[in-house]
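I opened my notebook for another look at a fold. Here is what I looked up, in the order I went through it.

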Amino acid sequence: MTDPISDYLTRLRNAIQAKHRVVEIPASNMKKEITKILFEKGYILNYKFEDNNIQGNIKIALKYHQTNKLNAIRTLLRVSKPGLRKYAGHSNLPKVMNGLGIAIISTSKGLMTDKEARNLNIGGEVICYIS
């Protein structure tokens, strides 16, 4: 697998389209941090890290609205790819849907949203957009 983050986003996107309640994804440290951010911002219902001896898995419970059965995540878009990295300074960090969505930024202080990076005045690699 050449791009594990794209695989992570694709598995989430496919599970949402198939209306699954739970999706299981192979774990890595970056995927765990992205999952924590999604949970903190209310895009997923819950998550669980399962560690076996080799790699481990992440179980993610997807969040659906009760009335219209729509998922909380509308779009998942990978921005920085292994072949073409996208970086942004603190002054030109992207805003997703004029602040309604989030951009996940990999900074020197770890993974964080665009709003947190803007408050700390640090830039970094733009991983993905979520709205």
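**Entry 1: the two helices.** I began with how α1 passes α2, and I noted a right-handed crossing. The model is a predicted one, so I treat every value here as computed from it. α1 and α2 pack at an angle of about 40°, and their axes are 10 Å apart. That angle makes α1 oblique to α2.

Which residues meet there? From α1 I listed Pro4, Ile5, Asp7, Tyr8 and Leu12. On the α2 side they meet Met30, Lys31, Ile34, Thr35 and Leu38. I sorted the residues of this contact by type and got 7 nonpolar, 1 polar and 2 charged.

Entry 2: Next I traced the open sheet, in which 3 strands follow the order β1-β3-β2 with antiparallel pairing.

Then I went through the pairs. β1 and β3 pair in the antiparallel sense, with 5 bridges. One position I marked is glutamate 24, which stands opposite lysine 59 in β3. α2, residues 29-40, packs on the sheet and touches β1, β2 and β3. The direction of α2 makes about 150° with that of β2. α1, residues 4-17, lies across β1 and β3 and runs at about 165° to β1.

**Entry 3: the hairpin.** β2 (residues 44-50) and β3 (residues 57-62) run antiparallel and are joined by 6 bridges. In this pair I found isoleucine 44 bridged to leucine 62 in β3. The two strands form a hairpin with 6 residues between them. What is the phi of glycine 56 in the turn? I read a positive value of about 100° for glycine 56.

**Entry 4: alanine 72.** I moved on to the loop between β3 and β4, where alanine 72 has its place. Is alanine 72 buried or exposed? Its relative accessibility is 18%, and the cut-off for buried is under 20%, so alanine 72 counts as buried. I then checked what surrounds it. Leaving aside neighbours within four places in sequence, alanine 72 is in contact with Gly42, Tyr43, Lys63, His65 and Ser131. For one of these, tyrosine 43, I looked up the C-alpha separation from alanine 72 and got 5.4 Å, although the two are 29 residues apart along the chain.

**Entry 5: β8 and its partners.** My last stop was β8, residues 124-130, which is mostly covered, with 6 of its 7 residues buried. Which strands pair with β8? I worked through three of them.

- β4 (residues 76-78) pairs with β8 in the antiparallel sense over 3 bridges, and leucine 76 stands opposite isoleucine 130.
- β5 (residues 87-88) runs antiparallel to β8 and is joined to it by 2 bridges; the bridge partner of tyrosine 87 in β8 is glutamate 125.
- β6 (residues 102-107) is joined to β8 by 5 bridges, again antiparallel, and isoleucine 105 has valine 126 as its bridge partner in β8.

Terms used
Residues are numbered from 1 along each chain as its sequence is written. This is a predicted model: local features need pLDDT of at least 70, side-chain atom pairs count only at pLDDT 80 or more; totals for chains, interfaces and linings use all residues. Side-chain values use heavy atoms; hydrogens and water are left out. Two strands pair if DSSP finds at least two bridges between them. Helices (H or I, at least four residues) and strands (E, at least two) are DSSP runs, numbered from the N terminus. Buried means under 20% relative accessible area, exposed over 50%, partly exposed in between (1.4 Å probe, protein chains only). Contact means heavy atoms within 4.5 Å. Axes are lines fitted to C-alpha atoms, for helices over the stretch in contact, and angles run from 0 to 180 degrees between N-to-C directions. Angles under 35 degrees count as roughly parallel, over 145 as roughly antiparallel, 65 to 115 as roughly perpendicular and the rest as oblique. A crossing is left-handed if the near helix is turned anticlockwise from the far one by less than a right angle, and right-handed if clockwise. Ala, Val, Leu, Ile, Met, Phe, Trp, Tyr, Cys and Pro count as nonpolar, Asp, Glu, Lys and Arg as charged, and the others, Gly among them, as polar.
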